[in-house]
Amino acid sequence: MRKGVIRPGHIQLRVMDMEEALKHYRDLIGLIEVDRDDKGRVYLKGWTEVDKYSVVLVESDTPGLDFIGFKVLNEKVLNGLKNDLIDYGCEVFEHEAGELDSCGRRVCFVTPTGHTFELYAEKEQTGKWGLAKINPDPWPLNLTGMKAERFDHCLLMGPNVPATKMLFSEVLGFDLSEQVVTPDNTIAGAFMSCSMKAHDIAFVECPDFGKLHHVSFHLETWQDLLKAADLLTMTETKKDIGPTRHGLTSGQTVYFFDRSGNRNEVFCGGDYHYPDHPPVTWKAEDLGKAIFYHELVIHPTYLEVLT
């Protein structure tokens with residue numbers, strides 16, 4: 001049952017050199033830089049996103065993920081979910097409004113996989129970048145690089161995926177849209193949706209807590225994905241695999257790395273999900289087909305390189 005979590009809102013990524021990171025996320029992927037704060041954080045957005053930003057970069061000695069934020073419907077829903085998380089046994093803490101630029105208070109918790117999530121109800125909305133609010137054009141001029149439309153989802157890795165799946169379904173109201181199951185019917189991968197998308201967040205089992213596998217940005221078409229792959233070669237950006245198709249979600253994909261080692265994905269197409277749809281199931285022993293439908297095998301770095 002949906003409980004008022006409506007979409008992914010933002011992610012904070014650690015990068016080891018901010019100027020190199022901006023060449024990657026702003027100039028290559030095509031996110032728009034919208035602000036910087038007195039803590040050294042840089043805020044960016046995809047051009048279709050209504051909120052002021054969706055990606056926050058912070059310079060650090062190590063790469064990886066700090067937190068992921070999801071937008072909820074309103075303050076009443078936020079208060080209710082805070083109480084539900086506490087009742088479920090989660091350790092909950094808050095950041096006051098304004099700690100993150102133009103964002104309201106954030107209710108934070110840590111999943112059994114070791115990842116920090118936050119829920120918020122308010123963030124400044126600046127509209128789609130470069131488009132009029134009345135009679136808008138279909139796309140803006142002067143987009144750069146891959147012309148990423150939006151921050152789409154993350155795949156996270158850690159232990160206790162079944163418990164994390166239960167937290168997201170029972171407390172936050174996410175649907176299990178697709179799953180990877182072991183021969184003893186244990187969930188090793190949970191792809192979860194709070195919308196009509198194939199997934200808004202995904203978790204895959206691994207022994208190390210709190211790992212980021214990839215952050216994904218949405219492109220419009222397969223042709224855009226091919227051009228993105230061209231740009232990776234043209235800019236000598238380290239590529240992981242693709243362009244290719246997933247079995248899971250049926251989406252098309254290219255994986256590559258920022259200069260700090262964080263894996264990125266650009267993604268298009270894919271299935272849709274309604275709340276009454278049963279989850280699509282993939283066997284763990286057929287994981288090659290599930291992940292890389294054309295190749296049928298998993299690239300050696302794909303499950304080994306994490307930040």
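In helix 1 (residues 18-28), the buried residues are M18, A21, L22, H24, Y25 and L28. Buried means under 20% relative accessible area, exposed means over 50%, and partly exposed lies in between (1.4 Å probe, protein chains only). Helices (H or I, at least four residues) and strands (E, at least two) are DSSP runs, numbered from the N terminus.

This is a predicted model: local features need pLDDT of at least 70, side-chain atom pairs count only at pLDDT 80 or more, and totals for chains, interfaces and linings use all residues. Residues are numbered from 1 along each chain as its sequence is written, and side-chain values use heavy atoms, with hydrogens and water left out.

**Helix 1 and its ends**

- An α-helix has 3.6 residues a turn, so residues three or four places apart point the same way.
- At the start of helix 1, a side-chain oxygen of D17 comes to within 3.1 Å of the backbone nitrogen of E19.
- That is a polar contact: a pair of N or O atoms within 3.5 Å, where, within protein, one must be able to donate a hydrogen and the other to accept it, and residues adjacent in sequence count only if both atoms are side-chain atoms.
- G30 follows helix 1 and has a positive phi, near 95°.

- Eight strands form an open sheet in the order 2-3-4-1-5-8-7-6, and the pairing is mixed.
- Strand 2 (32-36) and strand 6 (92-95) stand at the edges with a single partner strand each, so one side of each has no neighbour in the sheet.
- From one strand to the next, the twist averages 25°. Axes here are lines fitted to C-alpha atoms, for helices over the stretch in contact, and angles run from 0 to 180 degrees between N-to-C directions.
- Two strands pair if DSSP finds at least two bridges between them.
- Strand 1 (residues 5-15) pairs with strand 5 (residues 64-72) in the antiparallel sense, over 8 bridges. Within strand 5, G64 stands opposite R14.

**Strand 9 and its partners**

- Of the 9 residues in strand 9 (residues 150-158), 8 are buried.
- Strand 13 (residues 211-218) pairs with strand 9 in the antiparallel sense over 7 bridges. H153 has S216 of strand 13 as its bridge partner.
- L155 has A202 of strand 12 as its bridge partner.

**Aromatic rings**

- The model has 14 aromatic pairs. Rings of Phe, Tyr and Trp (its six-membered ring) pair if their centres lie within 6.5 Å; planes under 30 degrees apart count as stacked, over 60 as edge-to-face and the rest as tilted.
- F292 and Y302 form an edge-to-face pair, because their ring centres are 4.9 Å apart and their planes stand at 70°.
- F292 and Y302 both lie in the segment after helix 5 (287-291), 10 residues apart.
- F292 is buried at 0% relative accessibility. Y302 is buried too, at 3%.
- F70, F109, F117, F168, F174 and F203 are linked by ring pairs into a cluster.

**Charges over rings**

- The charged end of K123 sits over the ring of Y53, 4.3 Å from its centre.
- K238 lies over the face of F257, 5.2 Å from the ring centre.
- The rule for a charge over a ring: NZ of Lys or CZ of Arg is within 6 Å of the ring centre and within 35 degrees of the ring normal.

**H273**

- H273 is in the loop between strand 16 (263-269) and strand 17 (280-283). H273 is buried, at 3% relative accessibility.
- Its side chain makes a polar contact with the side chain of D175, at 3.2 Å.
- Leaving aside neighbours within four places in sequence, H273 is in contact with R2, D175, L176, S177, S193, S195, M196 and K197. Contact means heavy atoms within 4.5 Å.

- Most residues other than glycine have a negative phi, and most peptide bonds are trans.
- The peptide bond from G242 to P243 is cis, with omega near 5°. P243 lies in strand 14 (residues 239-245).
- N135, in the loop between strand 8 (116-120) and strand 9, has a positive phi near 50°. N135 is exposed, with a relative accessible area of 71%.
- K147 is also found in the loop between strand 8 and strand 9. K147 has a positive phi of about 60° and is partly exposed at 44% relative accessible area.
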